[in-house]
Amino acid sequence: LGLGSPYPCGEENLFLLKIIKNGGKVEMSDVAPCFHTTLKKNRKNISTGHYVARGILLQEFSFFLAFFIAIKWSINKRNSHNIFTVFRFIIQGYFK
């Protein structure tokens, strides 16, 4: 997961989930530790890999919960594909 890979998003969320799952502590901060330097217009180019990456992230949850999150993410109006295609890619990622 992450930029430069076939699945260009979700690495930060996966990192935080694994910290929590392994008994670590996560705290909020008012200071931004990093900034995305990519222009906003270029960040909106969502590829198939983005949807698969979301499914990989959902592996951290039970199938029941992941299924409903996948449905919610599939009906997002910003998706570049139709609902069923997005859902299929997310589920593919879940079973990777």
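Let me begin with a definition: a salt bridge here is a side-chain nitrogen of Lys or Arg within 4 Å of a carboxyl oxygen of Asp or Glu. With that in hand, Lys18, Lys21 and Glu60 are linked in a network of salt bridges.

Two quick notes on the source, please. This is a predicted model, in which local features need pLDDT of at least 70 and side-chain atom pairs count only at pLDDT 80 or more, while totals for chains, interfaces and linings use all residues. Residues are numbered from 1 along each chain as its sequence is written, and side-chain values use heavy atoms, with hydrogens and water left out.

How many salt bridges does the rule give? The count comes to three. In one of them, Lys18 pairs with Glu60, and the closest N and O atoms are 3.9 Å apart. Lys18 sits in helix H1 and Glu60 in the loop between H3 and H4, so this pair ties together parts that are 42 residues apart in sequence. When I say helix, I mean a DSSP run of H or I with at least four residues, numbered from the N terminus.

Lys21 also bridges to Glu60, with the closest N and O atoms 3.2 Å apart. Here too distant parts of the chain are linked, since Lys21 is in helix H1 and Glu60 in the loop between H3 and H4, 39 residues apart.

Glu60 is buried, with a relative accessible area of 18%. Lys18 is partly exposed at 40%, and Lys21 is exposed at 55%.

Then there is the bridge between Glu27 and Lys25, where the closest N and O atoms are 3.3 Å apart. Glu27 is exposed at 61% relative accessible area, and Lys25 is exposed at 68%.

Let's move to an arginine I'd like you to find on the screen. Arg54 lies in helix H3, residues 48-58. Its relative accessible area is 18%, so Arg54 is buried. What about a salt bridge for Arg54? Arg54 has none, and the nearest side chain of opposite charge, Glu11, is 11 Å away. For charge, Lys and Arg count as positive and Asp and Glu as negative, with His and the chain ends not counted.

So which residues does Arg54 touch? Leaving aside neighbours within four places in sequence, Arg54 is in contact with Ile46, Trp73, Asn79 and Ile90. Contact means heavy atoms within 4.5 Å.

In H3, 10 of 11 residues are buried, among them His50, Tyr51 and Leu57. The buried residues of H3 pack against helix H1 (11-21), H4 and H5.

Finally, H4 and H5 themselves. Helix H4 (residues 63-74) and helix H5 (residues 83-94) pack at an angle of about 145°, with axes 9 Å apart. Those axes are lines fitted to C-alpha atoms over the stretch in contact, and angles run from 0 to 180 degrees between N-to-C directions. Residues making the contact include Phe63, Phe67 and Trp73 of H4, and Phe87, Ile90 and Tyr94 of H5. Trp73 and Ile90 are also on the contact list of Arg54.

Notes. Helix = DSSP H or I, 4+ residues; strand = E, 2+ residues; numbered from the N terminus. Buried < 20%, exposed > 50% of the residue type's maximum accessible area, 1.4 Å probe, protein only.
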